[in-house]
Amino acid sequence: MAFLTTTSAVAGPGRAETCTAARGAVVAVDFGPFGGDVVRGCDPAPTTGYDLLHEGGFGTAGTEHDGPAFICRIGHGSFNGGARYPTPAQEDCVLTPPANAYWSYWTASPGQDDWSYSRYGAMDRRLKDGDVDAWVYGGTGRPDFSPDDVRPGTGGTPGPGTPTGAPGAIDVAAAADWLESRLTEGDRVVPEGGDTPDHLLTTEVAYGLAAAGSGPALRRVTAFLTSHAGEYAYPEGTGGAPDATAAARLALLASSTEADPRDVGGHDLIRDLSAHVCAAGPESGEPTPGCTARGDFRNAGYTDGQALSVLALLRAGVTPAAEAVRRLTQVQCRDGGVTGILIRPGEYCDGDPATTALVALVLHRAGGHDDAVAKARAYLAGAQRQDGSFPGYTGATTGAVHSTAYAAQALRVLGDGDRADAAVAWLSREQLAGGGFGFEEGATDPALYPTPAAVLAGTGASLVTLTTERTGPTDPPTSPPPATQPPTSPPPATQPPTSPPPATDPVTPPEGDGPDLAKGVAYLTGAALLKQGRYYTSGPGSVRADFGLTIDGAYALAATGLSDGRLRGIVDFLDNRGTDGEGRTLHDWTGIGTPHVLGGSLGKTALLAETVGRDPRHFGGQDLVAALGRSVCAGPSTAPDRSCAAKGAYTYTPSVFGQSLAVMAQLRAGETGAAREPLAYLTALQRDDGAWPSLVPATDDSDVDSTAIAAMALSLADGSGADRAVDRALAWIASQQLPDGGFPGAAGNSVNSAALAVQGLSLDASAYTGEIARARAFLASQQNPDGGFNVARDGQRGSDLRASAQAVSGATGISFGTLERDLSGTSPQPTPGPGDGGPEIVIPETVTPGGTGGAGAPDIVTPGGPGGGYGASGGEGALASTGARARLLAVLAALMVLAGWRCTVLARRRAPAGSDR
């Protein structure tokens, strides 16, 4: 394979710097499908993936529908005179290209020699020195070259250096006290706002107490778990396979506390684990429930469950099936990392430090897999940051407590004592005043899930060696810790709302440890983000409105009722055919009246109209309901036409999410007959396990977001069949919840997925009270001081507009199918057009938990400055189309006298790139 590096790619215009393996970021674009070479460029001062392309000498073009954020064409002056590929004859780039013919985006962090499919769009990926990006055309096929192939220099990446940082030790006693204080009735963990024990977290706490030598508390917890072993490890009854992960956790606790894992509450966990190793996976052509491949422990699902099951047998003196141990080597990636999901051999693999460390510990204990252990050890050494910490996932730029704790345990066993000490020292600096640990670097709130792992690391133990014979840390404290008392009763149980809130009042969110909705709304309505009733796409100086994101924000405001004035501004902008800086209106996004009508976008818009009491048959000057009916496909289209996936699909709607929104819009409009075929198609997409795939035509995946939104749609349908489909969907969603309360999504442990899961599970809130409470607590843990939310627990830090809109909406638990908000008491908003001049006057709302906002002193925002305020974007003004500028200025003058005035030039905030939602 030929590689080409141009001069302009090494030094951008006006730059004298050059890139090295440790300085700057590199991007490589493979023009092979078009007859070219791999062209490499770099940016000595990297910012985003999008800027890296352009600083590296590449030109790009987006789609007409989504703008420059969705990269549809790439070119470089060194290849065919800078022509951008695919050419217009190959792809018109009007809408999103098909999944087998687009530029896929791959990334690698410093020290990594394997590619990861990017969780972020190019405009949203923030780079650091040593990062490498790659673009490959043709779908999700991996690059044919490695990151080291395109890094500067010929020697690959430098080997990992020894971490630096002050030494330190974890205060194990304080951590144990904090864990004990979180127990309900002294023997179990019950999430705040719920009344159902969380057995997984209770088990984790038991491990931490065992490592710390907290005898009385440990005995109470183990007694509780033993008496509830049946409901935890055998959720389907004792006649079938156990939940392998739960059974393994209980067996390991028994082995660690000198109990018998063959008799835990009357259950022989070792026998039942050994008896349910999968003889084959789906490749056999036969039904294999709970098995992804030969050697899996049935119902394990994730790599940690497989590893813990192997370890449970080893600690009980039983030799595991060779296929079960070998299965752990099959989920090891080429770079030595181990992926957290039990993938099938040959599937895409992306490792993480915590899973890699656990598997390395287990394989080392099992013996016979020295090569795999050595690769895992090298991966961990390369992943360790200079401060001693480990990231939570590939590409993360901050340390994660859980990953660092497990890595410390493994490195100590594998002989890397200095690296283990550096990891423990970093953990000691992250220990909070009360003794607990947060999820990641700089966290201010302690959490149950990461703290026990840190305790094990601090005592030099691991699940391989944990035993109650250890009575305390190696160097016990010189004075006893302060006494603490566990709560004497569980916190009061609460339930999310199961019906829409009163139309005229703000919603009362579920009680408990959930996110601060008032802060979330304040973030969403901030002047730097919400501009004249819409949000904008990412990119410097963008004047292109993101209509889909704008509607997402409207849903969030409607769900909370905390800013009806701002909501009215969004609705009026859309309904009155307001234009953005490019002169586009809402229906340039829906495609209504064009050959490219997007049924999902029509449905999303109609659903908003129905939510706020507007007529969807006359919204934005169009009959959305009739247009939706016309967009229902009579059958699949024939290539190259890709408008229709199947009979009952909507035109140009490639996702289950869009299909579900459109079905809800039709059903809420009373169009039961017109929705019959779309509803039947949506129902047919449900998988045997109760989940829905992400895309249409159906893909071979199971997606939390899509399952939640599909369940909301089917909950509006009549009939016992729809009810059963919803019940199966909710059960599957609940089964996907992660130990920290989150849910897996495209971005990892995803805020978006957790929020949608709350909405879905709230369709039967009484049955899923505990899961809802844990998910809301997870959302609270991802809320930032500015009120916004991260994209994912292990992703880039910083508030993301799209994730924040879904988090605020989802945390209320209100389904999109029943969401209502009465705006009759609000004032009409002016509808701006592009190019209107004059300063923008903003009368800010004061968002409070108990009200809908009030007026304060005005902000004066100067268009054309370094940013734009609420309603400003470049040269846009806020007083357009009203004819009342003089009267408003008079009001402004009066307010200045009464309340004082302030001039603010607001810094522009980038909004995320558009999506098909």
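Among contacts in the protein chain between residues at least 6 apart in sequence, what percentage join residues at least 24 apart? The figure is 67%, where contact means heavy atoms within 4.5 Å.

This is a predicted model, in which local features need pLDDT of at least 70 and side-chain atom pairs count only at pLDDT 80 or more, while totals for chains, interfaces and linings use all residues. Residues are numbered from 1 along each chain as its sequence is written, and side-chain values use heavy atoms, with hydrogens and water left out.

**Whole chain.** Color by secondary structure. The protein chain has 30 helices and 15 strands (DSSP runs, H or I of at least four residues for helices, E of at least two for strands, numbered from the N terminus). Of its 917 residues, 58% are buried (under 20% relative accessible area, 1.4 Å probe, protein chains only).

**Helix pair.** Select residues 751–761, helix H27, and 769–781, helix H28. They pack at about 150 degrees, with axes 9 Å apart. H27 is therefore roughly antiparallel to H28 (angles over 145 degrees, between N-to-C directions on a scale from 0 to 180). Show side chains: Val751 and Leu761 of H27 are among those in the contact, as are Glu771 and Phe778 of H28.

**Core.** Now select Leu574 and Leu779. Of the 101 residues in the largest nonpolar core, these two touch the most other members (a core is a set of buried Ala, Val, Leu, Ile, Met, Phe, Trp, Tyr and Cys residues joined through side-chain atoms within 4.5 Å). Helix H18, residues 547–560, gives the most to this core, with 9 residues.

Key:
Angles under 35 degrees count as roughly parallel, over 145 as roughly antiparallel, 65 to 115 as roughly perpendicular and the rest as oblique. Buried means under 20% relative accessible area, exposed over 50%, partly exposed in between (1.4 Å probe, protein chains only).
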